[in-house]
Amino acid sequence: MAIKIHGLTKSYGPVPNQVRALQNLDLTIELGSLTMIVGKSGCGKTTLLRLLAGLEEPTTGNIELEGLAQPNIGIMFQEPRLMPWLTVQQNIEFAKLHKEVDQQFGQDTQQLLLALGLERFGQAYPTELSGGMAQRVALGRILYSDPDIILMDEPFSALDFFTRRDLQKTLRQLWQKDGKTIIFVTHDVGEALLLGQRVLIMEAGSLIGDLKIDLAYPRNPGATGFQQKREDILKIIGGF
Amino acid sequence: MKKLAQRFLIPALILVVWWIIVKLQIFSSYLLPAPLTTWQAFLELCASGILFKHVTVSLLRVFAGFGLAVLLALPLGIICGLSRFFKEFCWSTLEFLRHVPPLAAIPLIILWFGIEEASKLVIIVLAAFFPLFLNTYSGVTTCDKKLLEVGTALHLTTWEKVRHIQLPAALPTIIIGLQLSLGYSWRALIGAELIAASSGIGYMILDAEELSRPDVVLVGVFVIGIIGTVIDEIFIMLAKRLLPWQRKAENNGY
């Protein structure tokens, strides 16, 4: 049971000046894993996520979701992207508006609000929330639809250090509890090591590194093992 | 209380200046009646029921014309915003009509629709259509693409995205369009009544001019302004109820 990516290429723009965001990528990601993708800006990590989410079509290659008959994929963006006219609760339940999947949802909104520390904000509007709170709602909206695969595109990068650490902890606990497949894109090597079981390193649309992180949770950024892995990743990325 | 004082300071000053000008007899009383004379004319018109009759007629015309304009402009604005084909189809015609002021078309409108109610309705519809149409169109087309992408990611169908993302996102702009449209209706109506009518506030003003009653003319002008302001205030109150999230955003300094 895995996500299998074969020869995935994505190009943008007209033929002579085409930009290749992804180049012939082959990759297998086990279901239930927490995989981090790191790389510099423009390395193709967001493109890969958008292709996985079905928001864009690949130029060539394909994505096979082995072991999932009707896969439900949720994506969380860098910005919360909440509907300003809906309350926190209505935003979380947004996926319900799609009639066809109405019956599939097993997640209870009140439990989700509680798990995300939003129990007092169910009736608040997005404009009344802080950045961290809004991102929690965005996470709630994804979890509500009970997806098999959660894609996260630098969701905590715009948040302050304390809020980010708090949300990283919430995400790790949710993953340890539910065992969902999470693919998390970040440009922060520390974040990748704090959360990931596996760290993929990308550059210029290709995979240049694939590391298994076998450190126990919760991880301590000050520990020797953590520092060593950090050095390894930075060496692969280069330029240091 | 302070806000109220701020709001009425300039009108109060105008009233004082008006009173001083009349006292100094700078203009003849045929040109500028005293504030008290105007007030008395207002009371007379109220007591005789004449003012009420004209106001009711004018308001009914405005609401009928505005209602018709909403029925036309709202769906057309939404459809043009959603369908490029439909937009290209009717845009040039609408652009042409937009640049013709309704008052310029009045002779033709009277010729075609007579001097009864129909011609006034047409003038109001022409004046009220474009602010609402253009605001609705712009509200639908300028919807944040990132929000629409959320709908796509959650597998919403095209219609579900229109209903649950594009239209609610356009609502604040549509409401501004409705507000502008109502204001334009009111102004166009008075114009229409000044040209050809046998009732309504515009007619009352014109009639007073012919009878050399500047006090009644002034009453008419004040009533137009006050009713316009009251309609606008009621509209703003309704809009706040319809858009609670915007009220909260204002309170939070967004």
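**Sheets, helices and contacts**

Q: Helix α1 (residues 45–53) of chain A lies across β1, β2 and β4 of chain A; at what angle does α1(A) run to β1(A)?
A: Helices (H or I, at least four residues) and strands (E, at least two) are DSSP runs, numbered from the N terminus. Axes are lines fitted to C-alpha atoms, for helices over the stretch in contact, and angles run from 0 to 180 degrees between N-to-C directions. In this predicted model, α1(A) runs to β1(A) at about 115°.

Q: Which pLDDT do side-chain atom pairs need in order to count?
A: Residues are numbered from 1 along each chain as its sequence is written, chains are lettered from A and ligands numbered from 1 in the order in which they are written, and side-chain values use heavy atoms, leaving out hydrogens and water. The model is predicted: totals for chains, interfaces and linings use all residues, local features need pLDDT of at least 70, and side-chain atom pairs need pLDDT 80 or more.

Q: Which strands stand at the edges of the open sheet of 3 strands in chain A?
A: The order is β2-β1-β4, with antiparallel pairing. Two strands pair if DSSP finds at least two bridges between them. Each edge strand has a single partner, so one side of each is left without a neighbour in the sheet; these strands are β2 (19–30) and β4 (60–66) of chain A.

Q: Which residue in β2(A) stands opposite Tyr12(A)?
A: β1 (residues 2–12) of chain A runs antiparallel to β2(A), and 8 bridges join them. Opposite Tyr12(A) stands Val19(A).

Q: Which residue meets Glu66(A) in a salt bridge?
A: A salt bridge puts a side-chain nitrogen of Lys or Arg within 4 Å of a carboxyl oxygen of Asp or Glu. For this pair, the N to O distance is 3.0 Å. The pair joins strands β4 and β1 of chain A across 62 residues. The partner of Glu66(A) is Lys4(A).

Q: What is the average twist from one strand to the next in the open sheet of 6 strands?
A: This sheet of chain A has mixed pairing and the order β5-β6-β7-β3-β8-β9. Within it, β6 (residues 149–153) and β7 (residues 181–186) run parallel, joined by 5 bridges. The twist averages 20°.

Q: At what angle do helices α7 and α8 of chain B cross?
A: Helix α7(B) spans residues 145–153 and α8(B) residues 158–195. The axes come within 10 Å and cross at roughly 145°.

Q: What is the phi of His155(B)?
A: Most residues other than glycine have a negative phi. His155(B) lies in the loop between α7 and α8 of chain B. Although not a glycine, His155(B) has a positive phi of about 65°.

Q: Is the peptide bond from Tyr217(A) to Pro218(A) cis or trans?
A: Pro218(A) is in the loop between β9 and α7 of chain A. Most peptide bonds are trans. With omega near -15°, the bond from Tyr217(A) to Pro218(A) is cis.

Terms used. Contact = heavy atoms within 4.5 Å.
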